[in-house]
Amino acid sequence: MSIAHRGHLTYTARECVRRGSVAMTACPGEPYFAHAMTACASLDFRAIAAISLDARWGPEGLAAAGVRDADLVIEPLLRRAAELGHVEAQFSLGALHAGGVFVDYDDLEALRWYRKAAGQGHPEAAYQIVKYLRLDPPDYRMTHAPVLDDDELERLLAIAATGHRVEAGFLHGVLLYDRHEDGRSPDFRERPGYRSIRQAAIQAYRPAMERLAEIQAEAGDRWSGARWFRAAAQVAFLDADDTAARSLAVRSVRLGRSGSDEDEDELTSVLRAPVVELDWNAVFARRGGGEAAFRMASQVAEEISGESASAGWLRFAADFGHATATMALGDLLDDEWVWDDDLDAGVEAAALFAKAAELGAPGALEKARKAALQLGEHFEGEDSPEAEEEAQRWFENAAALGCPEGRYVMGYRLLPPGPRHDPVRAFPALLASAEAGFPAAAWEVAECLRNGAGVARDPARALAWYRRAADHDFVEAKLHLGRAYRDGSGVEVDLRQALSWLAMAAEGSDPNAQYELGLMHLKGLGTPADPEAALGWLRAAADQGHAPSLAKIAEMEQAPAGPGERFVVIDFETTGLSPNNGDRVIEVGAVEIVDGRIGRRFQSLANPGFPVSARITAITGISNAMLVDAPPLAEVIREVSAFIEGATLVAHNAGFDRRFLQAEMERLGLWDDREMLCTMRLGKRAYPGLGSYKLAFLAEHAGVALPDAMHRALADAMATAELFLVMREREACPPPETQPPAIAEPAADRAVLASTLPPTAPRQPASGWRRWLPAFG
């Protein structure tokens with residue numbers, strides 16, 4: 001009988017203190033015992049009692065039992081407590097003599113103190129007596145050992161069986177079964193001996209399992225006997241005793257087939273499944289828990305050639321906290337979700353991966369993150385409030401696991417205009433994702449810093465994040481940097497830098513970058529003018545359906561209009577009446593007139609960088625909600641400059657529109673004084689004596705149909721263009737009353753870059769966090 005079997009439950013001094021305080025509170029020796037345990041609480045008396053079996057352990061063995069030189073004080077204290085009748089002290093003193101620790105080795109003295117403790121019902125002391133007098137090999141038995149008769153043996157084993165030693169219960173059962181001839185009784189399965197043997201077998205004590213198998217075979221129940229031999233073989237396998245496992249498997253096969261020849265396949269199948277009678281939780285708990293279960297799962301998977309067959313064993317191991325088994329079970333359930341569309345399996349797999357990550361399984365954390373993301377995407381695809389809540393919960397789980405993409409998606413869903421918008425919560429999640437290197441998050445962090453969403457506005461810091469996103473090959477960030485260096489937005493104007501960033505974005509197949517790069521080559525900004533290179537980039541954008549590029553190519557390929565034949569009617573909606581008071585443009589409308597016919601149209605909202613008043617919203621119908629996603633004003637003015645280039649400008653009450661156009665273009669260094677005709681003045685000449693020359697009144701008088709919505713830029717520009725054509729035909733287009741000074745055309749390096757929009761609705765920004773993901777795999 002090995003020490004491993006005898007020592008599966010340590011019996012330390014702390015346990016002695018607990019038992020002594022309950023059972024011996026009134027004992028006179030209690031103060032001495034308590035003092036001894038306080039001074040030497042690390043001693044393991046069960047291990048000390050076993051030292052003699054290994055021929056006096058060396059220093060390593062003593063250390064394993066918790067023995068230290070400083071514990072020498074314990075022997076006189078235990079002796080005094082034992083002499084006063086303290087049961088734990090009597091057992092402990094017997095252990096010291098049995099092991100020769102702090103006292104001379106003396107098996108008779110050990111036996112004397114064990115007998116005193118057993119007389120008071122101490123289970124371990126009773127077991128040690130049986131071991132000394134019956135169980136130990138002859139070479140280790142006590143010198144001049146007294147005879148232990150069957151009655152006393154039965155009494156001692158009964159006491160020992162009340163403790164934690166399964167072998168004591170088994171030995172007691174064998175003694176009862178053999179001594180009282182339980183096997184000859186027809187109701188032997190109800191007798192105490194058989195029940196004790198069976199209880200020990202259920203607790204995975206292999207000798208008990210073998211004896212139970214023999215009893216079943218002797219009783220004529222060969223099938224039950226074979227099954228218990230098989231269980232014993234499985235336990236031997238869990239103990240890594242492959243020789244014993246095969247021997248027991250052979251016995252199982254022979255008994256089950258009532259023959260002598262065993263088939264190799266049949267022998268290997270013995271270990272495939274748990275035995276009904278066996279408490280496998282007790283088996284695994286006794287043999288290190290999950291490792292034994294995982295060993296069985298691996299064997300089953302190898303023999304049956306399929307992982308699903310081992311799922312039960314993996315669950316056993318996972319329940320005992322085995323990291324590898326936990327992740328393997330998660331893999332099985334994840335496959336069920338993927339292939340069988342079993343959502344419950346997917347949810348459990350995500351939980352198992354998270355548990356495996358906590359247990360330190362390699363690769364489990366990445367699987368937990370991926371599973372949480374996939375579940376979030378699954379619920380995001382369902383259209384219900386409950387699914388929306390589940391989606392957000394799983395994305396937040398992924399974020400909590402440190403998943404950069406999970407943090408990004410969680411933060412993005414909290415940005416306006418989403419239904420859960422909470423930019424204050426969104427920004428930290430996006431920042432954490434960006435700092436972990438997720439490019440789309442770096443872009444969103446930059447946007448938040450630029451617009452002040454969830455964080456104070458910080459253009460310089462925003463630019464740094466745009467650069468980090470660009471360094472991760474994020475095309476949209478490269479385009480923004482190109483525009484920033486071109487427009488001087490947050491940095492000094494640097495056309496060469498602008499050209500470089502736009503070129504990188506264009507090479508990433510971004511049509512806006514290709515278009516703007518084409519204009520730079522066309523105008524010679526940062527590079528010598530090269531119409532052929534410009535046309536190549538414009539055609540690359542046009543091949544993707546980019547409308548401004550198509551319009552620009554058509555403009556380049558048509559014959560240029562003669563002097564005075566091209567007009568552009570322009571109208572602004574603004575935040576107030578004067579740019580000198582800080583008022584800015586919020587919408588632009590422009591209509592081209594070529595050879596007396598209305599041509600292209602341009603319209604765009606423009607974000608001025610601050611909210612508009614309720615009065616302006618009431619007049620124009622333009623709200624702050626409409627402006628929040630509108631392009632920046634500087635970008636729109638550059639587009640306007642490109643649209644009006646080379647044309648004679650026309651406006652109603654031209655002084656108002658001219659002041660705003662001049663102020664906005666001067667901010668960008670683009671202003672070049674140009675002719676601007678005023679339809680109000682032309683109207684006074686064409687229709688003298690009218691009571692009002694406001695646009696609506698004058699247009700109605702001239703027979704021009706008015707749009708449904710006035711005080712919107714494009715509508716007013718269209719009405720003005722129609723009115724201008726009518727008056728031009730009426731008076732052969734007379735010159736304005738006051739001619740502004742003629743200014744030469746601007747130099748090429750002062751030309752403006754911006755898109756020329758087709759006659760369609762205002763541009764709308766792309767939306768949805770998924771738009772970024774294809775670029776990053």
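**A first look: sheet, core and helices**

Reader: Which residue in β2 is the bridge partner of Glu573?

Author: In β2, Glu573 has Glu587 as its bridge partner. Strands here are DSSP runs of E, at least two residues long, and helices are runs of H or I, at least four long, numbered from the N terminus.

Reader: Before I go on, what kind of model is this, and what do its values use?

Author: It is a predicted model: local features need pLDDT of at least 70, side-chain atom pairs count only at pLDDT 80 or more, and totals for chains, interfaces and linings use all residues. Residues are numbered from 1 along each chain as its sequence is written, and side-chain values use heavy atoms, leaving out hydrogens and water.

Reader: Back to Glu587. What is its bridge partner in β3?

Author: Leu605. Another bridge joins Ile593 to Ile598 in β3.

Reader: How do β2 and β3 pair?

Author: β2 (residues 585-594) and β3 pair in the antiparallel sense, over seven bridges. Two strands count as paired if DSSP finds at least two bridges between them. β1 and β2 are antiparallel too, with nine bridges.

Reader: What is the strand order of the open sheet?

Author: Its five strands run β3-β2-β1-β4-β5, and the pairing is mixed. β3 (597-605) and β5 (676-678) are the edge strands; each has a single partner, so one side of each lacks a neighbour in the sheet. On average, neighbouring strands are turned by 25 degrees against each other, direction ignored.

Reader: Is β2 largely enclosed or left open?

Author: Nine of its 10 residues are buried, so β2 is largely enclosed by the rest of the structure. Buried means under 20% relative accessible area, exposed means over 50%, and partly exposed lies in between (1.4 Å probe, protein chains only).

Reader: What about the turn between β2 and β3?

Author: The hairpin has two residues between the strands, and Asp595 takes a positive phi near 55 degrees. Asn653 also has a positive phi, near 60 degrees. Asn653 sits in the loop between β4 and α36. It is partly exposed, at 37% relative accessibility.

Reader: Which strands does α36 lie across?

Author: Helix α36 (residues 654-667) lies across β1 (566-574), β2, β4 (648-651) and β5, at about 85 degrees to β1. Helix α37 (residues 679-686) packs on the sheet as well, touching β4 and β5, and makes about 45 degrees with β5. Axes are lines fitted to C-alpha atoms, for helices over the stretch in contact, and angles run from 0 to 180 degrees between N-to-C directions.

Reader: New topic. Which residues touch the most other members of the largest nonpolar core?

Author: Phe45, Ile74, Leu78, Leu96 and Tyr114, in a core of 159 residues. Helix α14 (residues 222-238) gives the largest share of this core, 10 residues. A separate core has 27 residues, including Val568 and Trp671. Such a core is a set of buried Ala, Val, Leu, Ile, Met, Phe, Trp, Tyr and Cys residues joined through side-chain atoms within 4.5 Å.

Reader: What does Ile74 touch?

Author: Not counting residues up to four places away in sequence, Ile74 touches Ala36, Met37, Cys40, Leu43, Phe45, Leu96 and Phe102. A contact means heavy atoms within 4.5 Å.

Reader: Where is His172, and is it buried or exposed?

Author: His172 is in helix α11 (residues 166-179). It is buried, with a relative accessible area of 13%. Beyond four places in sequence, His172 contacts Glu154, Leu157, Ala158 and Ala161.

Reader: And Ala204, where is that?

Author: Ala204 is in the loop between α12 (192-202) and α13 (206-218). It is buried, at 0% relative accessible area. Its phi is near 70 degrees, a positive value in a residue other than glycine.

Reader: How far apart are the end C-alpha atoms of α15?

Author: They are 22 Å apart, which agrees with the 22 Å that 16 residues (242-257) should span at 1.5 Å a residue. The expected span is 1.5 Å times one less than the number of residues. Among the buried residues of α15 are Leu248, Val250 and Leu255.

Reader: Last one. Where does pLDDT stay under 50?

Author: Residues 1-25 are one such stretch, with 65 contacts in the model beyond four places in sequence. Residues 559-563 are also below 50, and this stretch has one contact beyond near neighbours in sequence. The chain's mean pLDDT is 78, and 79% of its residues reach 70 or more. pLDDT is the predictor's confidence in each residue, from 0 to 100. Where it is low, the predicted coordinates should not be read in detail.
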